[in-house]
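Subject: Handover of a predicted model and findings

Dear colleague,

Please find the structure below, together with its sequence. I would be grateful if you would read the notes after it with the model open.

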Amino acid sequence: MPGTFQKMKTYVTGEDEDKTLVDEVKDELDCCASLSWSTRIKGFIICFIVGIVLSVIAIIMVFLKNYLAFGLIYSAGSLTAIASSMFLMGPCKQLKRMFEEKRFIATIVMLVSVVLTICAAVWWKIPALVLVFCIIQFLAMAWYCLSYIPYARTLVKNCATSCLA
């Protein structure tokens with residue numbers, strides 16, 4: 001009898017009864033698509049604000065000369081801010097867009113710098129490296145964000161060229 005109900009469900013919903021594991025994981029990741037637009041906006045705003053608050057707390061840690069906490073909290077803030085946009089687009093679409101050709105390098109540099117910041121803070125315990133990796137993280141995040149604004153990268157390149165010339 002369960003097979004009959006499964007076939008009926010498949011017929012009514014249009015879903016393939018022989019879903020692969022990849023299909024099931026993709027459905028789970030696209031949970032944001034089932035949220036209402038207002039819920040998605042609220043999730044984005046809350047997550048983005050948490051990311052900003054974590055970044056501000058991290059900056060306070062610099063003034064307290066606690067560079068290791070700074071690196072960990074700043075990295076958590078960066079990841080939270082990036083994750084906030086997953087509410088708007090959905091996780092799968094966000095990940096696809098992050099690794100598009102024009103964002104690939106910025107994404108890799110940002111993610112690697114997050115990992116290196118955490119390594120420098122937790123295992124190596126070298127405050128100067130924590131600061132260097134956080135600066136790289138910030139610059140990569142800024143370059144990544146500029147890729148979503150038409151001609152923003154070109155404008156920044158032109159400004160930097162004229163200032164350095």
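The structure is a predicted model, in which local features need pLDDT of at least 70 and side-chain atom pairs count only at pLDDT 80 or more, while totals for chains, interfaces and linings use all residues. Residues are numbered from 1 along each chain as its sequence is written, and side-chain values use heavy atoms, with hydrogens and water left out.

Overall make-up

The chain contains eight helices and zero strands. Helices are DSSP runs of H or I with at least four residues, strands are runs of E with at least two, and both are numbered from the N terminus. Of the 165 residues in the chain, 28% are buried; here buried means under 20% relative accessible area, exposed means over 50%, and partly exposed is in between, with a 1.4 Å probe and protein chains only. Among contacts in the chain with a separation of 6 or more, 60% join residues 24 or more positions apart, a contact being heavy atoms within 4.5 Å.

Helix 4 against helix 6

Helix 4 (residues 67-89) packs against helix 6 (101-124) at an angle of about 155°, and their axes are 8 Å apart. Helix 4 is therefore roughly antiparallel to helix 6. The axes are lines fitted to C-alpha atoms, for helices over the stretch in contact, and the angles run from 0 to 180 degrees between N-to-C directions. Angles under 35 degrees count as roughly parallel, over 145 as roughly antiparallel, 65 to 115 as roughly perpendicular, and the rest as oblique.

The crossing of these two helices, helix 4 and helix 6, is left-handed. A crossing is called left-handed if the near helix is turned anticlockwise from the far one by less than a right angle, and right-handed if clockwise. On the helix 4 side the contact involves L68, G71, L72, S75, L79 and I82, which meet M110, L111, V114, T117, I118, A120, A121 and V122 of helix 6. Sorted by class, the contact of helix 4 with helix 6 has 11 nonpolar, three polar and no charged residues. In this scheme Ala, Val, Leu, Ile, Met, Phe, Trp, Tyr, Cys and Pro are nonpolar, Asp, Glu, Lys and Arg are charged, and the others, Gly among them, are polar.

S75 of helix 4 counts as buried because its relative accessibility is 1%. Its side chain reaches the backbone oxygen of G71 at 2.8 Å. A polar contact is a pair of N or O atoms within 3.5 Å; within protein, one must be able to donate a hydrogen and the other to accept it, and residues adjacent in sequence count only if both atoms are side-chain atoms. Not counting residues up to four places away in sequence, S75 touches V114, T117, I118 and Q137.

Helix 4 against helix 5

Helix 5 (residues 91-98) packs against helix 4 at an angle of about 120°, with the axes 7 Å apart. The two helices, helix 4 and helix 5, are therefore oblique to each other, and their crossing is right-handed. In this contact I82, S85, M86 and M89 of helix 4 meet P91, K93, Q94, L95, R97 and M98 of helix 5. By class, the contact of helix 4 with helix 5 has six nonpolar, two polar and two charged residues.

T107 belongs to helix 6 and is buried, with a relative accessible area of 1%. A polar atom of the T107 side chain lies 2.8 Å from the backbone oxygen of R103. Leaving aside neighbours within four places in sequence, T107 is in contact with M98, F99 and Y144.

M141 is found in helix 7 and counts as buried at 14% relative accessibility. With neighbours within four places in sequence left aside, M141 is in contact with S78, I82 and M110. M141 and L111 are 30 residues apart in sequence, and their C-alpha atoms are 9.3 Å apart in space.

Loop residues with positive phi

K65 is in the loop between helix 3 (37-63) and helix 4. Phi of K65 is near 60°, a positive value in a residue other than glycine, and K65 counts as exposed at 61% relative accessibility.

K125 lies in the loop between helix 6 and helix 7 (127-146). Phi of K125 is near 50°, again positive in a residue other than glycine, and K125 is exposed, with a relative accessible area of 53%.

With kind regards
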